[in-house]
Amino acid sequence: MMMKSLICLSLILLPLVSVVEGLGGGGLGSRKPIKNVSDPDVVAIAKYAIDEHNKQSKGSLVFVKVVEGTTQVVSGTKYDLKIAAKDGSGKIMNYEAVVVEKLWLHSKTLESFKAA
């Protein structure tokens with residue numbers, strides 16, 4: 001009888017342990033590297049960051065490419081990106097941008113933008 005109880009308990013707990021372990025590797029709040037920085041959605045977020053920065057600072061940066069980045073699920077998707085951009089003199093520099101996208105609200109917000 002004891003063995004039968006142990007087997008039943010393990011059949012109940014095993015799926016729960018798997019779910020909890022799965023959340024630790026990429027669930028809510030964990031950062032994940034962006035594997036394809038050329039993905040059109042990632043590029044669109046980076047271009048949005050450049051455009052918003054230019055509006056706020058009266059700048060004239062031009063998007064070149066996304067160098068690297070991570071995403072994190074918070075209240076939306078938080079993108080931490082390193083973006084290469086060209087200034088008015090043609091010099092290319094890297095910038096760090098943080099954008100939070102809330103798809104259900106159809107909104108994006110530039111949280112920060114600075115030289116890397």
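This passage describes the fold of a predicted protein model, from its overall layout down to single residues. Residues are numbered from 1 along each chain as its sequence is written, and side-chain values use heavy atoms, with hydrogens and water left out. Because the model is predicted, local features need pLDDT of at least 70 and side-chain atom pairs count only at pLDDT 80 or more, while totals for chains, interfaces and linings use all residues.

The protein has two helices and five strands. Both kinds of element are DSSP runs numbered from the N terminus: helices are H or I with at least four residues, and strands are E with at least two. Along the sequence, the elements follow the pattern α-β-α-β-β-β-β. Buried residues make up 28% of the 116 residues. Here, buried means under 20% relative accessible area, exposed means over 50%, and partly exposed lies in between (1.4 Å probe, protein chains only). The protein exposes about 7,900 Å², and carbon and sulfur atoms supply 61% of this area. Accessible areas come from the Shrake-Rupley method with a 1.4 Å probe; for residues, only the protein chains shown count as cover. Contact means heavy atoms within 4.5 Å. Of the contacts with a separation of 6 or more, 42% link residues 24 or more positions apart.

The five strands form an open sheet in the order β1-β2-β3-β4-β5, with antiparallel pairing. β1 (31-33) and β5 stand at the edges with a single partner strand each, so one side of each has no neighbour in the sheet. Neighbouring strands are turned by 25 degrees against each other on average, direction ignored. Axes are lines fitted to C-alpha atoms, for helices over the stretch in contact, and angles run from 0 to 180 degrees between N-to-C directions. Strands of a sheet pair through backbone hydrogen bonds, either parallel or antiparallel. Two strands count as paired if DSSP finds at least two bridges between them.

The bridges can be followed strand by strand. Strand β2 (residues 62-74) is joined to strand β3 (residues 76-86) by 11 bridges, and the two run antiparallel. In this pair, Lys 65 stands opposite Ala 84 in β3. Another 10 bridges join β3 to β4, also antiparallel. There, Asp 80 stands opposite Val 98 in β4. β3 and β4 form a hairpin with five residues between them. Gly 90 in this turn has a positive phi of about 95 degrees. Eight bridges join β4 to β5, which run antiparallel. Glu 101 stands opposite Lys 108 in β5. β4 and β5 form a hairpin with four residues between them.

Helix α2 (residues 40-57) lies across β2, β3, β4 and β5. The helix runs at about 70 degrees to β5.

Leu 81 counts as buried because its relative accessibility is 3%. Leaving aside neighbours within four places in sequence, the contacts of Leu 81 include Ile 34, Val 42, Ile 45, Ala 46, Val 66 and Tyr 95. The rings of Tyr 95 and Phe 113 have centres 5.4 Å apart and planes at 20 degrees, so the pair is stacked. Rings of Phe, Tyr and Trp (its six-membered ring) pair if their centres lie within 6.5 Å; planes under 30 degrees apart count as stacked, over 60 as edge-to-face and the rest as tilted. Tyr 95 lies in strand β4 (residues 92-102) and Phe 113 in strand β5 (residues 107-115), so the pair ties together parts that are 18 residues apart in sequence. Tyr 95 and Phe 113 are both buried. A charge also sits over a ring: Lys 108 lies over the face of Tyr 48, at 5.4 Å from the ring centre. Such a case requires NZ of Lys or CZ of Arg within 6 Å of the ring centre and within 35 degrees of the ring normal.

Most residues other than glycine have a negative phi. Lys 58, in the loop between α2 and β2, has a positive phi near 55 degrees. Lys 58 counts as exposed because its relative accessibility is 76%. His 106 is found in the loop between β4 and β5. His 106 has a positive phi of about 55 degrees although it is not a glycine. His 106 is exposed, with a relative accessible area of 77%.
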